[in-house]
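The following exercises are to be worked with the sequence and the model side by side. Each task is followed by a stepwise solution.

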Amino acid sequence: MATATASSTAGVPVGPGLSMFDPIFIGIDEFGQPVYITLAYRNLLAGGEPGGGKSGLLNAIAAHAALSVDSRLVLLDGKLVELGQWEDSADAFIGPDMPAALDVLRRLQLVMNNRYAWLRAHNRRKLTAADRLSVITVLVDEIAFYSATVGSKQEQEEFVALLRDLVARGRAAGIPVVAATQRPSFDIIPTSLRDLFGYRAAFRCTTPNSSNIVLGHGWAEQGYSATDIAPTNQGAAYLIAEGGVPRRIKVAYLTDAQIAGIADYAAWVRRPGTPVTPAGSPADWGMAA
């Protein structure tokens with residue numbers, strides 16, 4: 001068997017080779033079959049009571065995004081610790097700071113508008129992997145913290161408006177949103193916002209109404225209620241994709257040590273000077289793409 005020489009690997013970037021356009025493994029279904037989602041053109045909403053497994057889902061997605069050569073991460077985590085280990089792999093990591101959260105969402109809105117201007121100039125409707133532009137993956141752990149807890153009423157309303165705009169228009173511009181909340185209620189997730197998420201995952205809920213708020217009206221009455229999930233069955237959820245039927249899944253779980261190892265490697269391959277992002281990707285959010 002031939003062996004590679006030093007010259008044959010010269011200039012080859014160190015990296016895992018994943019892409020945000022690839023299917024993302026998030027766990028298994030009730031039959032033990034793997035479950036994948038594709039986030040490049042869809043958003044994901046996760047809701048359920050505390051300890052149900054929402055953070056496990058967010059960390060599984062964050063791991064894929066951090067290891068993808070065409071992804072940039074924007075993280076909003078009011079508690080700092082749920083997504084905190086990915087900070088060194090992120091372009092922006094926002095904690096319990098409403099002005100900073102609003103600033104980063106405004107910047108993302110500007111990038112989104114610039115990307116749509118670029119698409120229009122090229123007679124296009126959406127970005128593709130062939131464009132070799134970074135997918136900016138936005139993860140928000142606990143919508144309610146920013147929309148109903150911290151900041152003034154005016155700031156909370158602006159946060160909701162900016163987030164809704166990103167969820168509504170960001171998909172085709174390569175800016176998917178993954179958001180979670182432990183308060184699935186109409187004041188936190190109004191129907192008009194929920195229906196913009198292509199994927200919705202309902203972890204254990206205390207009432208059928210809370211389950212319906214995440215999955216959609218009427219699913220609990222048809223037998224798909226997250227109240228049926230046992231409190232001890234952490235990571236179990238009902239997952240629905242737009243136009244589909246809820247399916248029972250078990251989210252893959254990463255321990256803190258595993259997250260630390262993956263995050264450390266992801267930060268290493270993303271260090272300055274390492275050609276991780278695709279050729280042609282803009283280095284600054286303010287550029288047209």
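**Exercise 1: a helix and its surroundings**

Task: Determine which elements the buried residues of α4 pack against.

Solution. The buried residues of α4 pack against the strands β4 (71-77), β6 (135-141) and β7 (177-181), and against the helices α2 (98-121) and α3 (143-149); contact means heavy atoms within 4.5 Å. Helices (H or I, at least four residues) and strands (E, at least two) are DSSP runs, numbered from the N terminus. The model is predicted: local features need pLDDT of at least 70, side-chain atom pairs count only at pLDDT 80 or more, and totals for chains, interfaces and linings use all residues. Residues are numbered from 1 along each chain as its sequence is written, and side-chain values use heavy atoms, with hydrogens and water left out.

Next, identify the residues concerned: Gln156, Phe159, Leu162, Leu163, Asp165, Leu166 and Val167 are the buried residues of α4. Buried means under 20% relative accessible area, exposed over 50%, and partly exposed in between (1.4 Å probe, protein chains only).

Finally, consider the span. Helix α4 comprises 17 residues (153-169) and reaches 24 Å from first to last C-alpha, close to the expected 24 Å, which is 1.5 Å times one less than the number of residues.

**Exercise 2: positive phi values**

Task: State whether Asn123 is buried or exposed, and whether Glu142 is buried or exposed.

Solution. Asn123, in the loop between α2 and β6, has a phi near 55 degrees. Asn123 counts as exposed because its relative accessibility is 74%. Glu142 lies in the loop between β6 and α3 and has a positive phi of about 80 degrees, although it is not a glycine. With a relative accessibility of 14%, Glu142 therefore counts as buried.
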